[in-house]
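This briefing concerns the model shown below.

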Amino acid sequence: MKTITVCVNRRLSGHASCAARGSETLAQALENIALSQPDLRIMRLPCMGACEEGPNVKVVGGDLYHGVTLAMLQKILQEMDAM
């Protein structure tokens, strides 16, 4: 099974966080894609330790992507398929 993790950390102190930069929307979009791909699992994680560079998305066994946007998801999925 292929797994993608999405940081959904939200810092309440006003510091940078993946959730504040839209990672929950990214996670939902990936979860919607996974509905039609039974070999794809999406996991929401509380923190990947790089909030200043977020939103962060990690392909398990592959790359960690920073500053991810909805437009980047298709490329990430294509690169994951090439692994």
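Is Asn9 buried or exposed? With a relative accessible area of 17%, Asn9 is buried, where buried means under 20% relative accessible area, exposed over 50%, and partly exposed in between (1.4 Å probe, protein chains only). This is a predicted model in which local features need pLDDT of at least 70 and side-chain atom pairs count only at pLDDT 80 or more, whereas totals for chains, interfaces and linings use all residues. Residues are numbered from 1 along each chain as its sequence is written, and side-chain values use heavy atoms, with hydrogens and water left out.

**Surroundings of Asn9**
- Asn9 is located in the loop between S1 and H1.
- Beyond its neighbours within four places in sequence, Asn9 is in contact (heavy atoms within 4.5 Å) with Ser17, Cys18, Ala19, Leu45, Pro46, Cys47 and Cys51.

**Overall fold**
- The protein contains 2 helices and 4 strands, defined as DSSP runs numbered from the N terminus (helices: H or I, at least four residues; strands: E, at least two).
- Read from the N terminus, the order of elements is β-α-β-β-β-α.
- The radius of gyration is 12 Å, close to the 12 Å given by the globule rule for 83 residues, so the protein is as compact as a globular protein of that length; the radius is taken over C-alpha atoms, and the rule is 2.2 Å times the number of residues to the power 0.38.
- The C-alpha trace spans about 35 × 20 × 20 Å along its principal axes.
- Of the 83 residues, 37% are buried.
- Among contacts between residues at least 6 apart in sequence, 59% join residues at least 24 apart.

**Helix H2**
- Helix H2 covers residues 73–81, and Leu73, Ile76, Leu77 and Met80 are buried in it.
- Seen down the axis of H2, these buried residues fall within an arc of 100 degrees, so they line one face of the helix; the arc is that of the directions from the helix axis to the C-beta atoms.
- Lys75 and Gln78, on the other side of H2, are exposed.
- The packing partners of the buried H2 residues are strand S1 (2–7), helix H1 (23–34), strand S2 (40–45), strand S3 (57–59) and strand S4 (64–65).

**A cis peptide bond**
- Most peptide bonds are trans.
- The bond from Gly54 to Pro55 is cis, with omega near 0 degrees.
- Pro55 belongs to the loop between S2 and S3.
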